[in-house]
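This report looks at a few local features of one protein model, with the cut-offs behind each term given where the term is first used.

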Amino acid sequence: MLTKISGGEIIDPVNGRLGKGDLWIRDETIVEPPAGGNADRTIDASGCMVMAGAIDIHSHIGGGNVNTARLLLPEQHAAHVARPAMTPLSNAGWSTFETGCRYAKMGFTTVVEPAMSPGAALHTHLELADIPIIDKATLAILGNDDFLLSMIRDDASEQMIEDYVAWTVGSTRALGVKVINAGAAAAFKENVRTFALDEVVPSYGVSSRKIVKTLQAAVDRLGIPHPLHVHCNNLGAPGAADTAAATIAAAEGVPLHLAHLQFYGYGTEGKRKFSSAAARLAELVNGAPEVTIDIGQVMFGQTVTISSDVMRQFSARGSASPKKTVIHDGDGNGGGIVPYRYSKDFYGTMQWAVGLELFLLIKDPWRVFFTTDHPNGAPFTAYPALFELLMSRDARDKMASGVSGRAMALSTLSSIAREYTFEEIAIMTRAAPAKLLGLKDRGHLGPGALADIAIYRKGKDIAKMFGAAAFVFKNGDLVVKDGEIGHYRWGKALRLNPPPDKAMVRRLREYHERRYGLSLDWFTFPDAAIAREQPFGEVSCRA
């Protein structure tokens, strides 16, 4: 099948194509214009923007915490999709199937689940396999597990640490590594309730900083494209900007990615001792080229917070709305589900403003990534409205007129004139995520790229434009037309495939039999367990 996308305005920063032109697809791949130019199918893209399929690097779309949230909040699913009579809970609201459809309608074709517990990897992949259309990837959580903390305490060699990290990534079919409040979940088990970057985990004698630096170095030496993905200490606390600043400084020239920086953008000024420190953090990010960040933008309305940061979720349970929570402990991180409604009061307004300040004050769109930390800051269905806020100062000013004036007085947002361009949007949501994840086959529209393409009808209503794509291609298949799904297909799981070190496997077998009385086979799984529904695309990292 040879397809021609004709007459659209192509926005492809990677290949320097920024203007009207044609795009050609042969089967699943973008190709050079063929001799003769005879297409089997022509898509008229006149009056449209043509971009690569969008990539979301941080969205909680599968795994135990997501399922627990569904069970806790069945009454809220109607906010996202009507629930027909007799519909099973697993297929209502934030269902796996609806997740893929809603992402595709907005032109997203790849999404990363950023918090997969290694012990729950099979569950996570089986759930992700039920999400149609989009490709999926995962980040494996390390940094609170006994095996790693014991190795750090006992001064294990760099090679042993690398072997363990590589085994974890390979055995869980992950695309990278995440650390969540490093050491805090282990400390929580010993009744510690606050934990900072330089505090020490009882029984192990290692600091949070030491855990982060150890994992950062291992990920870098292994050649895993995505830097260590860090959920910092003290999330959501007044003064958390100090923790974020210390973590940025700890990068020390080695690549490091900080997740949902908005939740750390809080100072202690004003009567309520809660203010915006976004300008300070943006300046630090601008001056640290080795650091990338995603935002975790807050949008007003009901949502549910899902996190493997058990310490943070435990402390936040009193603010649950509605008043019900789930907190669970585990051998690694554990976690919690705390429903929450962001209102336009002082605190909600401050969080909303901090995220936008970070988006607008960090200069390099290649190092700031578009997320709401779905569903923590807002469901991903809020993305179109967020695009409008970034691209229109008038839209921001209109929204700001209806929120807390006292909060806005402690923010710089009203003074920021910057408006994102379509090119910057394409960088932040396409080109930069592909680069960060090491996925050379997507994020651009050059010959040889995967034919993941999103086409939007230009108009003054930016939210409407990004909310319902005119056409979306996934692997060359036309899956969306006029904002509606016209064709279903199954995506792939994107993973790294580092070879396991035999000595490390033997040591892990002994450890699991001694600690759990179970074979290591209980904690690993073959590709065949999920390959029927979800073929794997493999990427090799340096051993």
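The buried residues of helix α4 are D146, F147, L148, L149, S150, M151 and I152, where buried means under 20% relative accessible area, exposed over 50% and partly exposed in between, with a 1.4 Å probe and protein chains only. Helix α4 spans residues 146–153, and seven of its eight residues are buried, which leaves the helix mostly covered. Helices (H or I, at least four residues) and strands (E, at least two) are DSSP runs numbered from the N terminus. The model is predicted, so that local features need pLDDT of at least 70 and side-chain atom pairs count only at pLDDT 80 or more, while totals for chains, interfaces and linings use all residues. Residues are numbered from 1 along each chain as its sequence is written, and side-chain values use heavy atoms, with hydrogens and water left out.

The buried residues of α4 pack against α5 (158–171), α6 (184–188), β11 (206–207), α7 (208–222) and α17 (502–516), contact being defined as heavy atoms within 4.5 Å. Just after α4, D155 has a positive phi of about 55 degrees.

## The crossing of α5 and α7

Two packed helices are described by the angle between their axes and the distance between the axes. The axes of α5 and α7 come within 9 Å and cross at roughly 75 degrees; axes are lines fitted to C-alpha atoms, for helices over the stretch in contact, and angles run from 0 to 180 degrees between N-to-C directions. The angle therefore makes α5 roughly perpendicular to α7, given that angles under 35 degrees count as roughly parallel, over 145 as roughly antiparallel, 65 to 115 as roughly perpendicular and the rest as oblique.

On α5 the contact is made by E158, I161, E162, V165 and A166, and on α7 by T214, L215, A218, R221 and L222. By class, this contact of α5 with α7 has six nonpolar, one polar and three charged residues, with Ala, Val, Leu, Ile, Met, Phe, Trp, Tyr, Cys and Pro counted as nonpolar, Asp, Glu, Lys and Arg as charged, and the others, Gly among them, as polar.

## Helix α2

Helix α2, residues 96–105, is mostly covered, with seven of its ten residues buried: T96, E98, T99, G100, C101, Y103 and A104. After α2 comes G107, whose phi is positive, near 90 degrees.

## A three-stranded sheet

Three strands form an open sheet in the order β17-β19-β18 with antiparallel pairing, two strands being paired if DSSP finds at least two bridges between them. The edge strands, β17 (301–307) and β18 (326–328), each pair on one side only.
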